[in-house]
Amino acid sequence: MVYEYIVIGAGIQGSSTAYHLAKNNKKTLLLEQFVLPHSRGSSHGQTRIIRKAYEDDFYINMLEESYELWAQLEKEAGVKLYRRTGLLLMGPEKGKDFQLIKSAMQRNKIPSVVLERHEFSQHIPNVNLTSGDGAILESTGGVLYADRALRAAQTVFQSHGGTINDGEKVINIEPGDLITVTTDSGTYQAKNLVITAGPWAKTLLSHTGLQLPLQVVRINVCYWKEKVPGSYSINNRFPCFIQIHPKEAEHDIYGLPSNEYPGLMKVCYHMGTETEPDERDRQTDRRDVDALSSYVSRCFPGLVSVPSVVESCMYTMTPDKHFVLDRHPSYSNIVIGAGFSGHGFKFGPVIGKVLCELSMGLNPSYDLSPFSIQRFQANPK
Ligand SMILES: Cc1cc2nc3c(=O)[nH]c(=O)nc-3n(C[C@H](O)[C@H](O)[C@H](O)COP(=O)(O)OP(=O)(O)OC[C@H]3O[C@@H](n4cnc5c(N)ncnc54)[C@H](O)[C@@H]3O)c2cc1C
Ligand SMILES: O=C(O)[C@@H]1CCCC=N1
């Protein structure tokens, strides 16, 4: 079967790309190895954080449009995808990371308030602000309903004439003017291919002769019980939070208000232990959960400091934690979206837009140099 475009991988990035291609009247096939919906990649689960609190202007610029595109998808699909809660950023006040985000927020006029220590508990009850930490509340931060968002992108894609073949694993890619994609149950051809394979990107791209420095880690997604039900609830406008440089661990900790499991707040470590994507559940390292328990007991006294629910997800990390959004260096009709490094969901619609632009040969709406493949080749380490 011949298509104009094939997209491999129906996570949020592939589904959003397919949606933009179909809206541009391109005959598009979206291939997914698992039967949808599934919980084996990076886009499953009920919730993700959306925020503009970033240190780099290039992310902040893309997020301005991302909020608009999420709102458009909400309208098209007729479902609510975003709930505003605010995003609380905490971290060593004089530390580089906190200062860089704070000044980027001021420079970009992101609606926010600096919470002074003496007023912190009045605004954010039931949280202990670490000594030496500053706090900023970004008012546009909030929760994205991830599973719903993924389904919405796929449904709107299909309503624009797109085809989804799930339960079909791509096992070979033969580049050419007409690319041949072989799955475990069929063969397809297209003039253009977009690869958005999440944790499997490294393996799939190696079939095309491209080696990318991507590392897959398993994340323990932990939910903690409220001692007083509702005290950290989305319905009480408790914000999402990011804790930079917690005392207990090397990487950040983040959380979302209780919502999907009533009475349970999601608090996770922003790093995990390396895994093979097909062997995710053999990875049983729980050192991150121990660090989270200490943090929860010190800073969130209203939560029971042993998780009630632990689920799994995966990050696909690049060395600099910036995404890969580029053409294949050897085949200009193959476009790659990969390495979303645990922070890509909020950008889904805008990433779909730029991958669509790249594969249609249009000028991308953003400077994509921070996301180039060449950055790894110039300095392989
Ligand atoms: C626990 C956790 C919390 C997160 N929190 C946030 C957050 O708060 N905010 C935020 O912005 N981001 C967050 N992220 C990151 C975000 O969820 C990811 O960046 C994003 O989901 C990546 O999407 P993707 O489409 O690249 O990957 P995936 O969702 O993994 O999609 C790739 C798809 O490709 C398919 N595939 C792979 N190989 C093949 C093949 N050979 N044939 C066919 N199909 C194939 C896979 O099955 C999969 O469905 C979080 C991630 C995790 C794990
Ligand atoms: O991307 C996000 O906002 C979340 C929270 C911080 C760490 C990773 N994901």
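Start at glutamate 32 and ligand 1: an N or O atom in the glutamate 32 side chain sits 2.6 Å from an oxygen atom of the ligand. That is a polar contact, meaning a pair of N or O atoms within 3.5 Å; within protein, one atom must be able to donate a hydrogen and the other to accept it, and residues adjacent in sequence count only if both atoms are side-chain atoms.

Some ground rules before moving on. The model is predicted, so local features need pLDDT of at least 70 and side-chain atom pairs count only at pLDDT 80 or more, while totals for chains, interfaces and linings use all residues. Residues are numbered from 1 along each chain as its sequence is written, chains are lettered from A and ligands numbered from 1 in the order in which they are written, and side-chain values use heavy atoms, with hydrogens and water left out.

**Stop 1: ligand 1**

Select serine 42. One of its backbone N or O atoms lies 3.0 Å from an oxygen atom of ligand 1. Go on to isoleucine 49, where a polar backbone atom is 2.7 Å from an oxygen atom of ligand 1.

Now show the whole shell. It holds 37 residues, and the closest are Glu32, Ser43, Ile49, Cys313 and Lys346. A residue is near a molecule if one of its heavy atoms lies within 4 Å of it. Colour the shell by class: 19 residues are nonpolar, 13 polar and five charged. Here Ala, Val, Leu, Ile, Met, Phe, Trp, Tyr, Cys and Pro count as nonpolar, Asp, Glu, Lys and Arg as charged, and the others, Gly among them, as polar.

Which element gives the most to this shell? Select β18: it gives three residues. Helices (H or I, at least four residues) and strands (E, at least two) are DSSP runs, numbered from the N terminus.

**Stop 2: ligand 2**

Select Ile49, Arg51, Ile242, Tyr254, His270, Gly342, His343 and Lys346; these surround ligand 2. Three are nonpolar, three polar and two charged.

Check the polar contacts. An N or O atom in the arginine 51 side chain is 2.6 Å from an oxygen atom of ligand 2. For lysine 346, a side-chain N or O atom is 2.5 Å from an oxygen atom of ligand 2. Glycine 342 uses a polar backbone atom, 3.1 Å from a nitrogen atom of the ligand. Taken alone, ligand 2 exposes 260 Å², and the protein buries 94% of that.

**Stop 3: strand β15**

Tyr254 from the ligand 2 shell leads here. Its bridge partner in β16 is cysteine 268. β15 and β16 (residues 264-269) pair in the antiparallel sense over four bridges. Two strands pair if DSSP finds at least two bridges between them.

Turn to β14. It runs antiparallel to β15, joined by three bridges. Glutamine 243 stands opposite isoleucine 253 in β15.

Are the faces of β15 covered or open? Both are covered: Ile253 and Gly255 on one side, Tyr254 and Leu256 on the other, are all buried. Buried means under 20% relative accessible area, exposed over 50%, partly exposed in between (1.4 Å probe, protein chains only).

**Stop 4**

Most residues other than glycine have a negative phi, and most peptide bonds are trans.

- Histidine 245 has a positive phi of about 45°. It lies in the loop between β14 (240-243) and β15 (253-256) and is partly exposed at 41%.
- Lysine 109 has phi near 55°. Find it in the loop between α3 (96-107) and β6 (112-115).
- Leucine 36 and proline 37 are joined by a cis peptide bond, with omega about -10°. Proline 37 sits in the loop between β2 (28-31) and β3.

**Stop 4: two buried residues**

Select serine 16, in helix α1. At 3% relative accessibility it counts as buried. Its side chain reaches the backbone oxygen of isoleucine 12 at 2.6 Å. Beyond its neighbours within four places in sequence, serine 16 is in contact (heavy atoms within 4.5 Å) with Ala153, Gly348, Pro349 and Gly352.

Finish at leucine 30, in strand β2. Its relative accessible area is 0%, so leucine 30 is buried. Leaving aside neighbours within four places in sequence, its contacts include Val7, Ala18, Phe157 and Ile164.

Notes: Areas by Shrake-Rupley, 256 points an atom, 1.4 Å probe, with all protein chains shown as cover.
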